[in-house]
Amino acid sequence: QLACPLDLGCHSVKSDDPQVGWGGPGGYVYQKEYLEFFVSPENFAILREVLPKYQSLTYHATNVAGELNGNDFNVNAVTWGVFPGREVIQPTIVDTESFMAWKDEAFGLWMWQWARIYEQGSASYELVKKIHDTWYLVNIVDNDFVGGDIYRAFQEVISRGNPEAPAQ
């Protein structure tokens, strides 16, 4: 699996925090845990079996052909902030339309950026092409921004996909 962005959750952190702060002085920011990554079809099948056990997790997934999977297709606020004298600010959302628009660019990077540095037909080129053609782009949001743990589901996926992996 290749991780793309990761947003760690935060709950009522001062807006001037050097790691997650934003939006001006005197405010508080909130952020749900968020992951976006590519995954093999085999591990995606396991992930789809595991995710329903984790009620706070919502996801979108698609392959290069645009076959959409997911468990919640509503607009989902991922970050928001509360600041003196202002309405709540909500700068980051996850939604199906944006995800599907990003999918074209994300999958395109495999061929435009990676495959082209290898000789066409080489083992490296063919591996990148296989990933482009068969893997899934997935985003997962943990909607329990206070006590969530987005990694619980991955521990189960890893142990099911590799029975020799140590339980954590």
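1. Patches are made of residues with over 30% relative accessible area and no salt bridge, and nonpolar side chains are joined within 5 Å. In this predicted model, Trp114, Ile117 and Tyr118 form such a patch on the surface. The patch is nonpolar, and its residues together have about 320 Å² of accessible area.

2. Ile117 deserves a look of its own. This residue sits in the loop between helix H2 (96-114) and helix H3 (123-134).

3. Now the overall build. The protein has four helices and nine strands. Read from the N terminus, the elements run β-β-β-β-α-β-β-β-β-α-α-β-α. Along the principal axes, the C-alpha atoms fill a box of roughly 60 × 35 × 30 Å.

4. Burial and surface come next. Of the 168 residues, 40% count as buried. The accessible surface of the protein is about 9,600 Å². Carbon and sulfur atoms account for 53% of that surface.

5. On contacts: take those between residues at least 6 apart in sequence. Among these, 65% join residues at least 24 apart.

6. Four strands make an open sheet in the order E2-E3-E7-E8, with antiparallel pairing. Strand E2 (10-14) and strand E8 (89-94) are the edge strands, each pairing on one side only. From one strand to the next, the twist averages 15°.

7. Three bridges join E2 to strand E3 (residues 28-31), and the two run antiparallel. Lys14 has Tyr28 in E3 as its bridge partner.

8. Continue from E3 to E7. Four bridges link this antiparallel pair. Here Tyr30 stands opposite Trp80 in E7.

9. How many residues of strand E7 (residues 76-82) are buried? Six of the seven are, so E7 is largely enclosed by the rest of the structure. The cut-off for buried is under 20% relative accessible area. In a regular strand the side chains alternate between the two faces of the sheet.

10. The last pairing is E7 with E8. Four bridges join these strands, which run antiparallel. Ala77 has Ile93 in E8 as its bridge partner. E7 and E8 form a hairpin with six residues between them. Gly85, in the turn, has a positive phi of about 70°.

Terms used:
Residues are numbered from 1 along each chain as its sequence is written. This is a predicted model: local features need pLDDT of at least 70, side-chain atom pairs count only at pLDDT 80 or more; totals for chains, interfaces and linings use all residues. Side-chain values use heavy atoms; hydrogens and water are left out. Patches are made of residues with over 30% relative accessible area and no salt bridge: like charges are joined within 9 Å, nonpolar side chains (Val, Leu, Ile, Met, Phe, Trp, Tyr) within 5 Å. Accessible areas come from the Shrake-Rupley method with a 1.4 Å probe; for residues, only the protein chains shown count as cover. A salt bridge is a side-chain nitrogen of Lys or Arg within 4 Å of a carboxyl oxygen of Asp or Glu. Two strands pair if DSSP finds at least two bridges between them. Axes are lines fitted to C-alpha atoms, for helices over the stretch in contact, and angles run from 0 to 180 degrees between N-to-C directions. Buried means under 20% relative accessible area, exposed over 50%, partly exposed in between (1.4 Å probe, protein chains only). Contact means heavy atoms within 4.5 Å.
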